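The following note sets out some points for a colleague who is reading the structure for the first time.

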Amino acid sequence: MQYEAPQTLDAAVALLADARGAARVLAGGTDLLVQLRSGAIEPDLVVDIKRIDELKKITAEDGGYRIGAAVSGAELGEHEGVRALWPGVVEATELIGSTQVQGRATMAGNLCNASPAADSVPAMVAADATARIVGPDGVRDTSVRDVATGPGQTSLGRGEIVVSIFLPARPARSGDAYLRFIPRTEMDIAVVGAAVSVSLDDEGTCVAARVSLGAVAARVLLVDEGARVLIGTKLDDDALQALAAAASAACSPINDKRGTIEFRTDVAGVLARRAAQTAFERAKG
Amino acid sequence: MPGLTNSPGAAIDVARKQGNTRPGMEKFGIGQAVRRREDERFLTGAGRYIDDQHFANLTHGAVVRSPHAHARIVSIDTGEAEAAPGVVAVITPDVYFAQGFGPIPAMTAIDGIVEGTLNHPPRHALADATVRYVGEPVVFVVAETKFKALAAAELVTVGYEELPAVVDLAHTLDADSPMIWPEAGSNLAFRFEKGDAAGVEAAFEGAAHRVTLDLVNNRIAPMAIEPRGVVGEYDAESGTLTLNVSGQAVHAQRNQMAAAVFKVEPDSMRVVAGDVGGGFGAKNFVYPENILVMLAAKLTGRPVKWISERSEAFLSEVHARDHVTRAELAVDAEGRFLALSVDTIANMGSCLSTMGPVVPTAASWVSMGGTYVVPNIHMSVRAAYTNTMPVDAYRGAGRPEAAYIMERLVDAAAFDLGIDPVEIRRRNFVRDYPYSMPLGLTIDCGDFSGTFEAAAEAIGLDGFDGRRAASEARGRARGIGLSSYLEVTLGMPSEAMELRFESDDTVTILAGTHSTGQGHETAYAQIVHETLGVPFDRIGFRQGDTAAIAVGGGHGGSRSLKIGGSTLLRSAQSVREKGRAAAVHILDAAADDIEFADGLFAVRGTNRRIGLFELERAVREAGDLPETVAPTLTTVGRFERERHSFPNGCHIAEVDVDPETGDVDLLAYVIADDFGRIVNPLIAAGQARGGAVQGIGQALLEGVVYEPGSGQLFTGSLMDYALPRADTVPDLPVGFNEAAPTDTNPLGVKGAGEAGATGAPAAIVNAVLDALKPHGVRHLDMPLTPEKVWRALLQG
């Protein structure tokens, strides 16, 4: 196995594009190294992107933030601007692994690992975040929703790297939240994850909403019906119930060791409801 | 804790007040909260665990394990493995069985096993033609490095013809179940009966109420922080086999392997253990790998090491508990217990492990009935084989199962009869001691109700209704769970402990017991310091080497302080008496004039005095001693248990249940223990807490799961087998009731090691079920995972 740690993006793209055999990008490595050590993958080339300066930055841009692909969860969690604008995305990212893992793990890595149970992805989807992708054919931006195509599968082409995640600007009186359910208190894989982002008008009525669920389908879901039942309400009991019903209805989970279809479907509704309550509270300020 | 002494908070205060943090100011006697002196070594990475030890010319072993729960071995091809780089030896079943070794022994001489029912098939270190559980060793590969051994192990090709498997304990005794040992005609290992069946039946017939409860004591995995590991050595010149092991019973292992497996004299085998990172019983036993590394060392002439991977531990270390029980309680119109009937199927796994048969029988009936007056008890056990890892002793071994049965049954009785769980316990506690239990033992002393009330006060039982209302206002269901447990200290009944006076003015404790992290180095030294006045830092400690210590009972059944500590106290007292006789001679005084204090013998009313170490030198160097004076103070003391002692106590848990997700939040937990005399409250409280956390884990998180049909192990890593973590548990205040001293041993201790794991499971389950009571839920089996609780609420 060949290990390379280029200092420029161009060099990284060139290495990946020219690779013979399987190639992997290493950011935090919190998934990749585990897969390597367990023998689950045997790549011929590993390209470490942590030496590329521009990928290690959080940059204010158009009222939002661009998060470099090599920014760790710990660094994100200490960025007051991102925490103020997208607290739900930050709390979701901070749920990945443990304190030690937080020092390495990245949002972009969590996205590209393409697990349906990834913690930061529902929050990014609810935030309508964009992934910037650089490859042999240049630069393109795509919705984070379109990066994972199935468990462990992505839409990235040969030589392409996700270089940053863009969290957009948002109106005042907005808030987001992420909740996950695990049988333990930390360091576990989500049985269900739910993220909700809302914007309210001056009266506290919801004018925009996005609802996203993790671990209940082959990909992270965007639940349009969940958003529809929130918009125009002040999150009364009827709206909460309708949201829970919409979230549960959107689920198509599997039975596995972590949870059954029935449990995941029901708890998805519960978590969506609770995440919406927190998002509304944050939006009210 | 109100009403109790030596609560750990208080103990810590005591330590601080007495200046235990400042050198030179410490007090080290019995009862002092002395900080564990071994911890500096453990916490700074200076411990010497099996994998830290250096062996010249070392090779490494890897085990080829069965991927099937039940299969016939059709072929074994080791050609590629033998040709692989770095391979030193490949031990196949053909090679193994050519040695003429005997099977691995298991204890079956148990009073109560019904004659003619025992089916004890031979178990060998490698599978003999048939594999009977996933993970069973088939071939052992030895190579220059661990990775070469693992790589070569993958090149061994074993052909299997799969056979139907059974992993479901409740159905393994059914007539149409696949046979694991077909020649016996069923999967029954043996039947066991204890107690007066007719008397119990008569009591049930006359009783106002019959409370019936079907429950499962879930299968768990011990998972010490240091996985098992062994290094085998062979000295061709002397013919000595040596096993270096992360273990806790070196003498028993040597005796069993020498006599039963290798068929050699015990003197030609040495078993030695360095520091051990937890054992919980599971490291007591003779495992296939222990034999394989010694055989491989003999065949290759080089030391051979095998260290278990964490995931491998799930496949190769004994599992525990795993009982299916129907328990019935006869109760009179006033809520008093009349009789208890227990009918258990106990999982042995695919074969009998060393102490496996003892756990559900001899180690369980002793505490059956718990802390209550139950005039009649009958117990019936069917030990059964399944295509699973063998089951053996783990922290508590049989007594947690008995405590769980009784404490769940008492709550079920309260549920059925509409009596408060607190009240029904108060009506039934043993209050007159000694109390003769119907199955034969006599509880010498205790203060069961006093201990219970102290725990109830500590958790604030009176204010619970208010806290429950507050939880309900937050949409949570709150419950409180009581568990008044009875424990019995078991393990090897006798011990020898040497106090050896060294030439550098120190004294070494040579212990036949074995600490796997419990703090013996500190507690034992406290006993010696108290008795002999020897400075604490001049007391050394050695254990775990059959070449250095003649006999030893190892650790098990919470025996070490009771049996080992008492033996040590006897040794120290003998040293004092020998010293007195020597002082009479050396100081030329009358025996009546000799006083002993602070390590000095003095002649009353004079300034003539001599210290113990000075005295030792004097007698050693003296040419002609009278017959009354021994030539050394070095002494081996002995003690044998004549009567059992009964640690007991009360755990109370308070939980919140999230009714929408089934998530259980453990909010508060108190422990009140009667361990008899407390030698070191810090260590005793640590034992209580550590055990409780393991019991809490069993109740909420842990469960070994095999897939029905295939017999594959679902829970093969710590990802899928959930151990409790620090944030699973709240603070665990511990108080000690020392109001009922025991005279069953000279030290006056009752044992502490297993009590936590015995008391905790029922406290948690009773608390969760108390929370679910308004929803009509009467019983759930452990572990109380969120989904299980959620499903019960859905149906309730």
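A polar contact is a pair of N or O atoms within 3.5 Å; within protein, one atom must be able to donate a hydrogen and the other to accept it, and residues adjacent in sequence count only if both atoms are side-chain atoms. The model discussed here is predicted.

1. Polar contacts between the domains. Under that rule, 14 residue pairs are in polar contact across the interface of domain 1 and domain 2 of chain A, both residues of each pair being at pLDDT 80 or more. On the side of domain 1 of chain A that touches domain 2 of chain A, at least two residues come from each of α5 (87–94), α8 (120–126) and β8 (148–150) of chain A. That side consists of 15 nonpolar, 5 polar and 5 charged residues.

2. Layout of chain A. Domain 1 covers residues 2–167 and domain 2 covers residues 174–284 of chain A. Their centres, taken over C-alpha atoms, are 24 Å apart. Contact involves 25 residues of domain 1 of chain A and 22 residues of domain 2 of chain A.

3. Area buried between the domains. The size of an interface is often given as the accessible area lost when the parts come together. For domain 1 and domain 2 of chain A the buried area is about 2,000 Å², with 56% of it on carbon and sulfur atoms. Of the area that domain 1 of chain A buries against domain 2 of chain A, 25% is supplied by Pro116(A), Pro122(A) and Ala126(A), more than by any other three residues.

4. Salt bridges between the domains. Side chains of opposite charge can pair when their charged atoms come close. Between domain 1 and domain 2 of chain A there are 3 salt bridges. Separately listed is the salt bridge of Arg180(A) with Asp119(A), whose closest N and O atoms are 2.8 Å apart.

5. Arg210(A) and Asp128(A) form a salt bridge, with 3.4 Å between the closest N and O atoms. Arg210(A) belongs to strand β13 (residues 206–214) of chain A and Asp128(A) to the loop between α8 and β6 (130–135) of chain A, so the pair ties together parts that are 82 residues apart in sequence. Arg210(A) is partly exposed, at 21% relative accessible area, and Asp128(A) is partly exposed, at 39%.

6. Chain A against chain B. Here 19 residues of chain A are in contact with 18 residues of chain B. The two chains bury about 1,700 Å² between them, 49% of it on carbon and sulfur atoms. Arg184(A), Lys257(A) and Phe263(A) supply 36% of the area that chain A buries against chain B, more than any other three residues.

7. Charge at the chain interface. Which residues link up in a network of salt bridges? They are Arg184(A), Asp188(A), Lys257(A), Arg258(A) and Asp720(B). The interface of chain A and chain B holds 6 salt bridges, and Arg791(B) meets Glu262(A) in a salt bridge at 3.9 Å, N to O. Helix α11 (residues 261–284) of chain A gives the largest share of the side of chain A that touches chain B, 7 residues. By class, that side has 7 nonpolar, 3 polar and 9 charged residues.

8. A pair within chain B. Arg778(B) and Asp416(B) form a salt bridge, the closest N and O atoms being 2.8 Å apart. This pair links distant parts of the chain, 362 residues apart: Arg778(B) is in the loop between α18 (755–772) and α19 (786–795) of chain B, and Asp416(B) is in helix α10 (residues 399–417) of chain B.

Conventions:
Residues numbered from 1 in each chain as written. Chains lettered and ligands numbered in written order. Predicted model: local features only at pLDDT ≥ 70, side-chain atom pairs only at ≥ 80, totals over all residues. Heavy atoms only, no water. Domains from an automatic or database assignment. Contact = heavy atoms within 4.5 Å. Buried area = accessible area lost by both parts, 1.4 Å probe. Salt bridge = Lys/Arg side-chain N within 4 Å of Asp/Glu carboxyl O. Helix = DSSP H or I, 4+ residues; strand = E, 2+ residues; numbered from the N terminus. Nonpolar A, V, L, I, M, F, W, Y, C, P; charged D, E, K, R; others polar. Buried < 20%, exposed > 50% of the residue type's maximum accessible area, 1.4 Å probe, protein only.
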